Amino acid sequence: MLPRGVSNKSLKLITDKYSTIKKSSSLINCSTNSLCSRNNRKYNSKINNILTYSSTSLRSFHTQSHFLDNNQQTSSSLLNAEKKPLFDKILIANRGEIACRVIKTARKLGIQTVAVYSEADANSMHVSMADEAYLLGPPESSKSYLVGSKIIEIAKQSGCQAIHPGYGFLSENAGFAELCAKNNIVFIGPPPSAIISMGSKSESKKLMEHAKVPVVPGYHGEDQSEEKLLSECKKIGFPVLIKAVMGGGGKGMKLVHKEEEFSEQLSAAKSEAKASFGDERVLIEKYITTPRHVEIQVFADTLGNCVYLFERDCSVQRRHQKIIEEAPAPGLSDEVRKAMGESAVDAAKAVGYVGAGTVEFIMDNQDQTYYFMEMNTRLQVEHPVTEMITNQDLVEWQLQVASGNPLPLLQNQLKVNGHAFEARIYAENPEKNFMPGTGVLRYLNPPEEVEGEVRVETGVRQGDEVSIYYDPMIAKLVVWGESRDIALRKLVSCLNRYHIAGLTTNIEFLKRLATNQRFRDIELETHFIQKYYDELFPKNRQVDDSMFLLATLSILSKNLTKKTADPFDVLQGFRFNHEHEEVYEFEHPIEKENRVSVNVRHVYDVKETNKFKMTIGSNVHTVSGQYNPTTKEIVAFIDNRKFHSTLSFSDDHKTIYLFTRDGQRYDLTPVLASFEKKGSGAVGSLKSPIPGVIKSVAVKEGDTVKKGQTILVMEAMKMVTNIVSPIDGVVKSLPFKTNDVVAAETMLAVIE
């Protein structure tokens with residue numbers, strides 16, 4: 001019996017190689033004397049080379065045989081000696097951080113890269129990094145990154161031998177993989193048959209049952225009528241999960257607690273599934289009440305070898321999408337860890353898998369029983385944590401396997417070293433149910449990367465825009481430590497030094513999560529955020545006076561260092577024989593309706609030009625220091641405490657972005673520089689929570705509606721949002737129609 005990971009095909013290849021080498025060796029020995037007698041240096045040199053190769057190969061074969069005889073997995077040294085060349089040029093059919101990630105490895109291996117881009121991405125980071133770049137079309141994915149025929153055309157035009165799909169877009173599109181094959185272009189991913197089998201959640205469940213991989217109880221049938229689906233829900237028992245058959249990433253997934261919610265949630269799930277995957281079919285699964293999301297990284301080659309590169313825990317999620325991942329999964333027994341890995345390999349082999357894949361399991365926290373959920377037939381967003389604990393480059397593995405080479409390592413050669421975390425940095429507002437946001441990255445200063453310990457995987461730079469057309473992820477912060485505790489400490493430290501301004505991000509939330517005691521104690525489950533919401537979203541957050549004092553000092557410092565032709569301009573506010581006072585007002589960064597006044601009195605001091613008495617309410621502070629607009633650093637003394645912070649102004653100088661050493665960020669707006677205030681609208685008015693597209697309008701002007709009734713449906717970044725009436729009333733204004741594009745805070749309807 002062959003050990004796990006070694007295929008019959010591999011064994012046959014070695015046996016055939018041995019036979020060929022022995023035959024060659026005999027022929028060489030018989031003819032050596034006659035050839036050498038010719039006294040021909042050219043022939044003698046060739047024979048010596050052949051004999052050396054023959055001897056080395058035979059020694060290598062006997063080494064392989066020794067491993068097999070001792071029931072160990074085959075070393076790949078012999079196969080590596082026969083490696084096929086890698087591609088000369090590849091096209092990356094993606095954008096953002098994953099495109100940049102693939103380019104980095106390709107560059108390391110001497111492979112030329114071709115980028116594709118939409119009109120919105122013309123000046124993006126991945127375009128500037130690639131050796132060549134070609135326009136696909138308009139910003140909409142359906143007219144650019146999802147147009148497979150156009151991508152194939154560019155690949156042929158630019159002389160690419162292979163296409164790397166990244167993740168998302170066409171990465172799990174069997175039709176695109178087949179199109180690549182028809183055009184003699186290698187698709188760097190699994191065969192179309194595996195994508196089809198695992199792309200259908202219902203089909204994959206059937207295959208897994210046949211392969212003896214445990215699956216969650218549910219309905220995966222063809223009858224998609226609402227009546228049938230509801231009937232199956234009743235059989236399974238509420239709560240249930242409605243999931244898109246072709247889904248992934250939480251799109252088209254809805255939790256139904258009771259029968260009364262079913263119809264609306266089914267409609268929403270189908271709408272999201274149609275928008276994201278072009279297929280509205282769904283399946284029903286039993287909802288496990290205390291689940292953990294544990295997934296296994298698998299890799300297979302064309303020789304039949306398959307390994308697992310251990311597991312990742314992705315339990316902490318919002319909107320059914322991962323927000324922080326770690327490897328290895330903490331708290332698992334060795335028996336469960338091994339069993340899950342072997343089940344994942346069985347799952348991959350069941351569909352003839354090739355390349356990188358991830359088998360996702362849902363695990364019951366009560367007894368660590370696990371069930372197959374789905375297989376993502378691509379490289380995962382969170383693959384860097386696996387790279388960190390195994391010290392392997394998975395993109396390089398993809399390129400090696402796609403070139404026809406064996407896996408770089410087999411199961412017995414893979415080891416876990418340390419612990420790693422990945423935190424996804426998103427443009428979103430956690431306080432508003434993680435609503436995705438858009439905007440320009442006015443200020444961007446990530447923590448410094450440290451090889452093997454800290455990585456910042458990103459596809460944006462300062463000044464780039466996060467648009468409504470694509471996922472709002474800004475970057476992935478990846479850290480490694482010798483233990484989980486050390487890695488977690490590094491994560492918090494790096495988050496404290498990750499400075500972004502110009503739009504709302506989830507960095508503050510990630511820090512609260514990473515420092516939460518329950519998270520540190522491994523009380524992990526997919527409901528973690530909902531369960532400990534009050535701990536993760538503390539109320540009555542206070543803003544210390546020092547924040548307003550630092551902002552005031554920065555304005556004063558800028559004015560005093562302003563270059564001007566008039567030397568008296570720098571003496572703004574100064575009067576001979578008179579102490580001048582000024583008042584600065586700021587909008588409170590949390591309590592937006594309140595203002596904070598800072599009364600400033602200039603203090604004459606021969607040793608310190610920037611010295612002031614500042615008063616907020618009844619509190620009087622002595623403040624001095626300097627702001628450096630080049631380094632964005634402000635060093636100040638407030639009473640008996642020294643502050644060293646980072647501070648940046650928005651392009652229009654109407655907002656001050658302040659970052660403290662402990663990682664807090666404050667957006668402070670001087671009242672005189674405030675943006676024009678928008679009207680609050682009529683009672684019952686509805687504003688767009690995010691920029692997006694109107695997908696459907698459910699009512700018309702003059703209709704009577706009930707509180708909670710859907711008025712219209714919006715879509716942004718593949719997320720469907722129902723806009724509902726806040727009151728009982730009559731629709732007085734409804735200015736938009738289906739397919740209209742609206743900005744954030746746009747008045748969508750008025751209900752009276």
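Reader: Which residue in strand 9 is the bridge partner of Y219?

Author: I284. This is a predicted model, where local features need pLDDT of at least 70, side-chain atom pairs count only at pLDDT 80 or more, and totals for chains, interfaces and linings use all residues. Residues are numbered from 1 along each chain as its sequence is written, and side-chain values use heavy atoms, without hydrogens and water.

Reader: How many bridges between strand 6 and strand 9?

Author: Two, in the antiparallel sense. Strands are DSSP runs of E, at least two residues, and helices are runs of H or I, at least four, numbered from the N terminus. Two strands pair if DSSP finds at least two bridges between them.

Reader: What order do the strands of that open sheet take?

Author: 6-9-7-8, four strands with antiparallel pairing. Strand 6 (218-219) and strand 8 (254-256) are the edge strands, each pairing on one side only.

Reader: Switching to strand 27. Which residues are on its covered face?

Author: V596, V598, V600 and H602. R595, S597, N599 and R601 form the uncovered face.

Reader: What joins strand 27 to strand 26?

Author: Seven bridges, with the strands running antiparallel. E587 stands opposite R595.

Reader: Now helix 4. Why is it largely enclosed?

Author: Ten of its 13 residues are buried, so the rest of the structure largely encloses helix 4. Buried means under 20% relative accessible area, with exposed over 50% and partly exposed in between (1.4 Å probe, protein chains only). Among the buried ones are E97, R101 and T105.

Reader: What follows helix 4?

Author: G110, with a positive phi near 75°.
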